[in-house]
Amino acid sequence: QVQLVESGGGSAQAGGPLRLACAASASVLCMVWFRQTPGKEREGVTSIDRYGRTTYADSVKGRFTISKDNAKNTLYLQMDSLKPEDTTMYYCAADILGRCVPLSTRFYNFWGQGTQVTVSS
């Protein structure tokens, strides 16, 4: 069992930054950030695989950056140029089997509780 705890969510003005963090209780091979609004399908935002390769959804390319600190078992999401449509719950997830399928909700075994991001105009 891997525990994931997201933090860093909150309110921001449009155009501003937020930095999310996801602390894991153990080393993980592949990690991903998802976001989901009630009534809508979960959207893969960005992922990073066991080799450090990254993938981004078209909606966040050029604005968001995923990174990880392996020494701290922590995943980060740097969110810049925020838009009101970025408002939703953000979740991190881990694939401990190392399949590392980018942005797919089917292949991640453990999920955090989520953190709310609200972007105002």
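Cys 22 and Cys 92 are joined by a disulfide, S to S 1.9 Å; a disulfide here is a pair of cysteine sulfur atoms within 2.5 Å. The model is predicted: local features need pLDDT of at least 70, side-chain atom pairs count only at pLDDT 80 or more, and totals for chains, interfaces and linings use all residues. Residues are numbered from 1 along each chain as its sequence is written, and side-chain values use heavy atoms, with hydrogens and water left out.

## Exercise 1

Task: Describe the link of Cys 22 and Cys 92: which hand does the link have, and where do the two residues lie?

Solution. 
- Step 1. Take the angle about the S-S bond. At 60°, the link of Cys 22 and Cys 92 is right-handed.
- Step 2. Cys 22 sits in strand S3 and Cys 92 in strand S9 (residues 88-95). Strands are DSSP runs of E, at least two residues, numbered from the N terminus.
- Step 3. Check the distance along the chain. The two cysteines are 70 residues apart, so distant parts of the chain are linked.

## Exercise 2

Task: Find the pattern that the disulfides follow.

Solution. 
- Step 1. Count the links. The structure has 2 disulfides.
- Step 2. Cys 30 bonds to Cys 100, with the sulfur atoms 1.7 Å apart.
- Step 3. Give its hand. The angle about this S-S bond is -65°, and the link of Cys 30 and Cys 100 is left-handed.
- Step 4. Cys 30 is in strand S4 (residues 30-36), while Cys 100 is in the loop between S9 and strand S10 (110-111), so parts 70 residues apart in sequence are tied together.
- Step 5. Check burial. Cys 30 has 1% relative accessibility and counts as buried. Cys 100, at 15%, is buried too.
- Step 6. Number the bonded cysteines along the chain. The pattern reads 1-3, 2-4.

## Exercise 3

Solution. 
- Step 1. Write the order. 4 strands make an open sheet, S1-S3-S8-S7, with antiparallel pairing. Strands pair if DSSP finds at least two bridges between them.
- Step 2. Inspect one pairing. S1 and S3 (residues 18-24) run antiparallel and are joined by 4 bridges.

Note on methods. Buried < 20%, exposed > 50% of the residue type's maximum accessible area, 1.4 Å probe, protein only.
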